[in-house]
Amino acid sequence: MKQSLFTVDYNVKLTFDVYKMRLVGDTSDITKPGQFINIKLDGFYLRRPISVFDCDESAVTIIYKVVGEGTEYMASLGKGKTLDVLTGLGNGFDVEKCGQKVLLIGGGVGVPPMFYLAKKLLSAGKTVSMIMGFNKESEVFAKEDFEALGIKTLVTTVDGSVGIKGFVTNAMDEVEYDCICTCGPEPMLKAVYDASKTTGFFSFEERMGCGFGACMGCSCKTKYGNKRICKDGPILVKEEIIW
Amino acid sequence: MVNTKVNLSGWELDNPIIPASGTFGYGYEYAELYDINILGSFSFKGTTLEPRFGNPTPRIAETPNGMINSVGLQNPGVDAVIAEELPKLRKCFNKKVIANIGGFAVDEFVKIVEKLDKEDIVGLHEVNISCPNLHKGGKNFGTDADAAYEVTKAVKKVASKPVYIKLTPNVTDIASIAKAVEEAGADGISLINTLLGMRINKRTRKPIIANKMGGFSGSAIFPVALRCVYQVYEAVKIPIIGMGGVSSAEDVIEMMMAGATAVEVGAYNLVNPYGSKEIVLDLPRVMEKYRIENLCDIIGGAH
C-alpha cells in the first residue's frame with residue numbers, strides 16, 4: 001500500500017451515472033489486476049474504494065458509478081484536481097493461477113477490473129473471453145475497450161435491447177473456458193458460481209472503513225476462515241466461498 | 001528541546017500518543033507502513049474469551065466528519081491472541097502494549113485478565129465495559145455504577161498490572177460511573193468509547209448498518225469526548241486516557257488540558273493510515289507553539 005497524491009487528467013461521463021477518470025501519479029504499488037484504490041474526497045470522512053480499470057507507469061484509470069454523495073462529488077471533479085489516494089489495496093487476481101482459457105464476467109461496475117485483468121492475462125499468453133452484463137443498452141460501457149484487445153466480447157442485457165437477452169449466465173455456454181474471473185453484484189456472482197463448471201476467482205464488494213485491513217468492517221466468513229474483503233480479498237477463490 | 005514523556009500508573013511512555021483499540025488491529029498491519037515504535041504505545045483489538053466473528057455486514061457507515069461502526073468485537077479469542085497475535089506483534093514492537101479486553105460477564109473479564117496479565121508485553125489492561133455493539137445476553141456494565149464497580153473489583157483482584165476501565169459516554173452522568181470504578185480500585189480510566197448512532201439509506205429507506213445502530217466516532221465527536229474527560233477529571237484522582245475524535249497534535253494538547261494523561265487516536269488511523277505517526281512527529285512543534293516544555297505540566301490545565 002502506498003499513500004500519494006494523484007492529479008485528475010480527465011473525468012468523463014460514459015453513461016447516465018457512470019464516469020471514467022484518469023489519475024496521474026505514482027502507480028508503483030499497483031502490482032496486480034483486481035486490486036483497488038481508496039480515494040480521499042474533500043468533505044467526506046471515509047475514503048472511496050474504487051477498482052482499477054487500467055494502469056500504466058504514470059496513471060491509473062477508474063470507472064465508477066454515482067451511487068451516493070461521495071461519488072456524486074467525484075463526478076464533479078475536473079482536470080488538475082489533486083487527490084490523496086491509497087494504492088495497491090487488496091489481494092488482486094493471481095494471473096498464474098487463472099488457467100489457460102479464461103472467461104471474464106463483469107456485471108455493471110463489476111466490468112472495469114476485468115479490463116486490466118484481460119490485459120495482464122493476454123500478456124501472459126492466455127486466451128481470454130469477456131461477458132459483460134447490463135440492464136439495458138444505454139448502460140453499456142467499455143465494450144470497445146475489450147474489443148480493441150482482440151478478445152471475444154459478449155454483451156448481455158436484461159431487457160434484450162442489445163446483445164444476448166438475459167443475464168451473463170445466458171452467455172456462458174457460448175464460450176470455452178477452464179477458469180472464470182468475475183466481478184459484479186452479489187446475486188450475479190452467485191448465479192455465475194452455480195453455472196460455472198470450472199474453478200474461478202470471484203471479486204466481492206463490501207462497505208469498508210479503512211480499506212487496508214485494520215478496522216474489520218468488511219469481514220466475511222469463508223471455508224478457509226474469516227477474511228477481510230479489503231485485505232484478504234476482494235478476490236476469493238470459488239472453493240472457499242460460503243454464500 | 002521539549003519533553004513529551006508521560007506516566008501512566010508508573011509506566012513511562014515516550015509520548016502520549018496511543019492508537020485506540022479496534023483501529024490498529026494487533027499492530028502489524030501498520031508496522032508494514034511505518035516503524036510503530038515511534039508511538040507511545042497502542043491499545044490492541046478488543047479481545048474476548050472466545051473467538052468472535054462479530055456482527056453481520058454492512059458494519060460501516062459514514063457521517064459528517066465521522067463514521068459509524070458495528071464490528072461487534074470480531075477477534076480470534078484470548079488464547080489465539082496469546083498464541084498467534086502477540087508473537088507477531090513482538091517482532092515489530094519493542095514497547096509494551098495496552099491489552100483491550102471485552103466481555104459479557106464478570107467471570108469472563110476475570111479469565112481474560114488472568115491470561116493476559118502473564119504476558120510481558122502487556123503494560124496495562126484496558127477493560128472495555130462500554131462497547132455499544134454488544135447488548136445481547138450480557139449486562140451493560142458501563143451504564144450502571146454498581147455493575148461497573150463489581151467488574152472493576154473482580155478484575156483488580158487478579159491483575160498485577162494496572163487496570164484502566166474504558167467508559168461509555170452513553171450515560172446521563174459519566175462522573176458517577178468514573179467515581180464507582182475509582183472506588184472499586186481502578187488504576188485509571190479510559191474514555192470515551194463511541195457514541196450510539198445510526199444512518200439511513202434514503203434510496204432503500206433502511207438503516208445502512210445491518211445491526212441498525214453502531215458506534216459513532218471520528219472528529220465530529222471530539223467536543224463530546226473533551227467534555228467527558230473534563231467532567232471525569234473533576235470527579236476522580238486516578239489518571240485518564242482521553243480519546244474520541246482526536247485527529248491532530250492540537251487535539252492532543254486540548255485533550256490533555258481537559259485532564260488526559262495520555263491520548264488515544266481512533267478513527268483517524270482508518271482514514272489516514274499514517275495519522276498517529278504524523279501526530280507524534282508534529283507534537284513538539286505544537287508544544288513550542290503553546291510554549292509547553294514538559295507535556296505532563298498541562299494535564300488538567302484547563303481546570
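**Loops, helices and a surface patch**

A:Pro234 sits in the loop between strand 15 (225-228) and strand 16 (235-237) of chain A. The peptide bond joining A:Gly233 to A:Pro234 is cis, with omega at about 10 degrees. Keep in mind that this is a predicted model. Here's a quick tour of some other spots to look at.

**Another cis proline**
- Over in chain B, the bond from B:Thr57 to B:Pro58 is cis too, and its omega is near 0 degrees.
- B:Pro58 belongs to the loop between helix 1 (28-31) and strand 4 (60-63) of chain B.

**Positive phi**
- A:Met216 isn't a glycine, yet its phi is positive at about 65 degrees.
- You'll find A:Met216 in the loop between strand 13 (200-203) and strand 14 (219-222) of chain A, and with 19% relative accessibility A:Met216 counts as buried.
- B:Lys212, also not a glycine, has a positive phi of about 70 degrees; look for B:Lys212 in the loop between strand 12 (206-207) and strand 13 (214-217) of chain B.
- A:Gly125, which follows helix 2 of chain A, has a positive phi near 85 degrees.

**Helices**
- Helix 2 (residues 112-123) of chain A has several buried residues, including A:Pro112, A:Met114, A:Phe115 and A:Leu121.
- In chain B, helix 4 (residues 145-158) packs against helix 5 (residues 174-183) at an angle of about 30 degrees, with the axes 8 Å apart.
- That makes helix 4 and helix 5 of chain B roughly parallel to each other, and their crossing is right-handed.

**Surface patch**
- B:Leu196, B:Met198, B:Ile200 and B:Met213 make a nonpolar surface patch of about 360 Å².
- B:Leu196 is in strand 10 (residues 195-197) of chain B and is partly exposed, at 46% relative accessible area.

Note on methods. Residues are numbered from 1 along each chain as its sequence is written. Chains are lettered from A and ligands numbered from 1 in the order in which they are written. This is a predicted model: local features need pLDDT of at least 70, side-chain atom pairs count only at pLDDT 80 or more; totals for chains, interfaces and linings use all residues. Side-chain values use heavy atoms; hydrogens and water are left out. Patches are made of residues with over 30% relative accessible area and no salt bridge: like charges are joined within 9 Å, nonpolar side chains (Val, Leu, Ile, Met, Phe, Trp, Tyr) within 5 Å. Accessible areas come from the Shrake-Rupley method with a 1.4 Å probe; for residues, only the protein chains shown count as cover. A salt bridge is a side-chain nitrogen of Lys or Arg within 4 Å of a carboxyl oxygen of Asp or Glu. Helices (H or I, at least four residues) and strands (E, at least two) are DSSP runs, numbered from the N terminus. Buried means under 20% relative accessible area, exposed over 50%, partly exposed in between (1.4 Å probe, protein chains only). Axes are lines fitted to C-alpha atoms, for helices over the stretch in contact, and angles run from 0 to 180 degrees between N-to-C directions. Angles under 35 degrees count as roughly parallel, over 145 as roughly antiparallel, 65 to 115 as roughly perpendicular and the rest as oblique. A crossing is left-handed if the near helix is turned anticlockwise from the far one by less than a right angle, and right-handed if clockwise.
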